[in-house]
Amino acid sequence: MMQMVLLWIERLALALIVGGGIIMAAGIRPLLIPLLGERGNPALVSIIEKLSISAWNRYNRYAFLSIVLVVIIDILRIVTELPFSYWHAAIAIVIMIALLGKLAIDRELRLRLQEKSAEVVGSIEQNTGHRRVELLTKIILILAIILTI
């Protein structure tokens with residue numbers, strides 16, 4: 001019975017990571033990219049960039065808490081000698097590290113935007129940060145799907 005409860009909690013946490021990542025990558029970001037390309041109103045562009053970073057940051061925090069829960073469940077399985085696999089725990093830890101990286105990049109993006117406002121939107125540093133976040137998101141989604149299967 002305990003194994004079943006842990007499995008359902010784990011599946012719910014992984015669903016939050018996968019579902020939220022897909023919604024953010026396929027739904028939110030594409031809607032905001034055309035608006036970020038507009039140069040007519042720098043204040044609006046700055047606000048949209050801040051909104052984008054804030055939305056991703058919120059998802060990253062929830063995803064991080066979810067993967068921490070999965071890691072705790074794996075540790076609980078080890079301690080209680082329930083069936084578990086080392087590869088599952090290893091992939092969960094890799095996802096946790098990648099999410100920490102995303103949170104650090106989000107902090108950099110947010111601080112750069114606060115310091116330089118609209119002039120930083122579209123800059124090389126800001127675009128590089130967004131590309132790194134996108135790469136980490138793809139890696140996390142693939143690994144989370146593997147854990148789900």
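Tutor: Begin with a term. A cavity is a set of grid points where a 1.4 Å probe fits but cannot get out. Keep in mind that the model is predicted.

Student: How many cavities of 30 Å³ or more does the structure hold?

Tutor: There is 1 cavity of 30 Å³ or more. The largest cavity takes up about 80 Å³ of space.

Student: Which residues line the largest cavity?

Tutor: The lining consists of R29, S52, I53, W56, D106, L109, H130, V133 and E134. By class, the lining has 4 nonpolar, 2 polar and 3 charged residues.

Student: Which helices each supply at least two residues of that lining?

Tutor: α2, α3 and α4 each do.

Student: Let us turn to the helices, then. What pattern does the protein chain follow along the sequence?

Tutor: The pattern is α-α-α-α, with 4 helices and 0 strands in the protein chain. The C-alpha trace spans about 60 × 25 × 20 Å along its principal axes.

Student: How far does α2 reach from its first C-alpha to its last?

Tutor: α2 has 38 residues and reaches 55 Å, which is close to the 56 Å expected at 1.5 Å a residue. Just after α2, E81 has a positive phi of about 60 degrees.

Student: How are two packed helices described?

Tutor: The description uses the angle between their axes and the distance between the axes. Here, helix α2 (residues 42-79) packs with helix α3 (residues 86-116) at an angle of about 155 degrees, and their axes are 9 Å apart. α2 is therefore roughly antiparallel to α3, given that angles over 145 degrees count as roughly antiparallel. The contact of α2 with α3 has 19 nonpolar, 4 polar and 7 charged residues.

Student: Is the crossing of α2 and α3 left-handed or right-handed?

Tutor: The crossing of α2 and α3 is left-handed.

Student: At what angle do the axes of α3 and α4 cross?

Tutor: The axes of α3 and helix α4 (residues 124-148) cross at roughly 160 degrees and come within 9 Å. α3 and α4 are therefore roughly antiparallel to each other. In the contact of α3 with α4 there are 17 nonpolar, 6 polar and 6 charged residues.

Student: And which hand does the crossing of α3 and α4 have?

Tutor: α3 passes α4 in a left-handed crossing.

Conventions:
Residues numbered from 1 in each chain as written. Predicted model: local features only at pLDDT ≥ 70, side-chain atom pairs only at ≥ 80, totals over all residues. Heavy atoms only, no water. Axes fitted to C-alpha atoms, helices over the stretch in contact; angles between N-to-C directions. Parallel < 35°, antiparallel > 145°, perpendicular 65-115°, else oblique. Left-handed = near helix turned anticlockwise from the far one by under 90°. Nonpolar A, V, L, I, M, F, W, Y, C, P; charged D, E, K, R; others polar. Expected span 1.5 Å × (residues − 1). 1 Å grid on protein atoms, 1.4 Å probe; cavity = no way out; pocket = protein on both sides within 12 Å on 5 of 7 lines; lining within 4 Å. Points joined across faces, edges and corners; volume = space filled by probe spheres on them.
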